[in-house]
Amino acid sequence: MGMSEATARRIEPQAAALQAPDLTIVIPTLNERENIAPLLQRIDAALAGTRWEIIFVDDDSGDGTPEAVRAIGRVDPRVRCLHRIGRRGLSTACIEGILASAAPYVAVMDADLQHDETLLPRMLGTLRNEPYDLVVGSRYAAGGGIGEWNGTRAQISGLATRLSRLICKTQIADPMSGFFMLKREVFEGAVRKLSGQGFKILLDLLASAQTPPRLKELPYEFRLRQFGESKLDTMVAWEFGMLLADKLVGHIVPVRFALFAFIGCTGVVVDLIVLWAGLNIAHISFLAAQTAATVVAMTSNFFLNNLFTYRDRRLKGLGLVRGLTSFYVISAVGAAANIMLATNVYEGHSGVAGIAWLASVAGVLVGSVWNYAVSSIFTWKRR
Ligand code: GDD
Ligand code: MN
């Protein structure tokens, strides 16, 4: 008998076994206070006869959501709140909620009553009695629906769904669903490979699982939100794009570096345009034109990277000024390294055919890796 088993034995094994839940429902929340009580009522009714628990994972909502959950938890031990401070993210909220549970079956669902809780017992029955590892509440399977969404949102969701299917290793009608249940082993098998980026935890799971899970979809009608508002914004779209790109090409080249390098290329174009304008329109000296071109190109690189590459760490206000300054310094050192290396290679091998090109490419490569590595540490610090 191991130490932990001995300890566990001391706390009334029978009572403990009666209370241990078969199903954990993980519910991420951000400002959902008014939805908590009605949601609990509905889940309790739907799951009568099942031993369940709910873990709300709240990212420090300011509207009293965690307090509302804890108030219920004081009288109902099946309900608790994993309160995260200084953190954000729907995917990581789900991951940490699942990791905080021990139940053999785990479900993820939204707090806003948009997901049909009456599906829960059927999901559980399917996992228990049929050869499936994962059951997904599907808006796009026959019999499901997206409720009363307007045309644009329906179109965007449809497009994102088709894109997502590219990176899934499994056939699925609704890979973007936020409503699903799975066996805990399946989750544990994939958890170390999850990217944790953004909103799409199911998609992440499907793209990361080593062996595709045996999956069944149950159709349901996506309901309209009654209280509170959706947290879907451009940041969510950006994270979705990063997740797709990461799963598609991330094993070849890191997505952020690819973006940074691409923006670097646009910088070369900007540089040449300003140089040309300086020489041919403003008729200034080459030195002046080249200096202006470099500064404009660095500035445009900075703002584009701030908007796209590092959208999740975007600098604003005073941080923008500080960031731009550090970016100038870093880029200047990068440019110096570039020129020195290229000159060195060129002079060391003059006479070799094509050496000028090779030297120049080597310089650009080293310069960009330097800029990328150092700016990711000093300009766009991880928070
Ligand atoms: N902890 C935490 N942290 N929770 C969050 C965060 C966050 O950063 N962002 C959103 N949530 C919670 C919300 O409070 C809600 O309970 C749930 O996650 C979904 O957020 P919504 O803002 O309601 O998203 P949606 O309705 O537009 O989209 C949802 O449904 C779609 C269809 O199932 C999401 O689940 C999508 O992933 C899903 O595709
Ligand atoms: Mn919602």
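Ala, Val, Leu, Ile, Met, Phe, Trp, Tyr, Cys and Pro are counted here as nonpolar, Asp, Glu, Lys and Arg as charged, and the others, Gly among them, as polar. The legends below describe a predicted model.

**View 1. Residue classes in the shell around ligand 1.** The shell is made up of 11 nonpolar, 7 polar and 10 charged residues. In total, 28 residues surround ligand 1, and the closest are Glu32, Asp59, Asp112, Met176 and Lys231. Strand E1 (23-29) contributes at least two residues to this shell, as does helix H5 (90-99).

**View 2. Polar contacts of ligand 1 with Gln114, His115 and Met176.** The side chain of Gln114 places an N or O atom 2.9 Å from an oxygen atom of ligand 1. For His115, a side-chain N or O atom lies 3.0 Å from an oxygen atom of the ligand. Met176 takes part through its backbone, where a polar atom is 2.4 Å from an oxygen atom of ligand 1. The protein buries 97% of the 740 Å² that ligand 1 exposes when taken alone.

**View 3. Protein donors of the manganese ion (ligand 2).** Asp112 (OD) and Gln114 (OE1) are the protein donors, lying 1.9 Å from the ion. Asp112 is also among the residues closest to ligand 1, while the side chain of Gln114 forms the 2.9 Å contact with an oxygen atom of that ligand.

**View 4. Accessibility of Asp112 and Gln114.** Asp112 counts as buried because its relative accessibility is 3%, under the 20% cut-off. Gln114, at 11% relative accessibility, is therefore buried by the same criterion.

Terms used
Residues are numbered from 1 along each chain as its sequence is written. Chains are lettered from A and ligands numbered from 1 in the order in which they are written. This is a predicted model: local features need pLDDT of at least 70, side-chain atom pairs count only at pLDDT 80 or more; totals for chains, interfaces and linings use all residues. Side-chain values use heavy atoms; hydrogens and water are left out. Donors are N, O and S atoms within 2.8 Å of the metal (3.2 Å for Na, K and Ca); water is not among the atoms, so sites may look incomplete. Buried means under 20% relative accessible area, exposed over 50%, partly exposed in between (1.4 Å probe, protein chains only). A residue is near a molecule or strand if one of its heavy atoms lies within 4 Å of it. A polar contact is a pair of N or O atoms within 3.5 Å; within protein, one must be able to donate a hydrogen and the other to accept it, and residues adjacent in sequence count only if both atoms are side-chain atoms. Accessible areas come from the Shrake-Rupley method with a 1.4 Å probe; for residues, only the protein chains shown count as cover. Helices (H or I, at least four residues) and strands (E, at least two) are DSSP runs, numbered from the N terminus.
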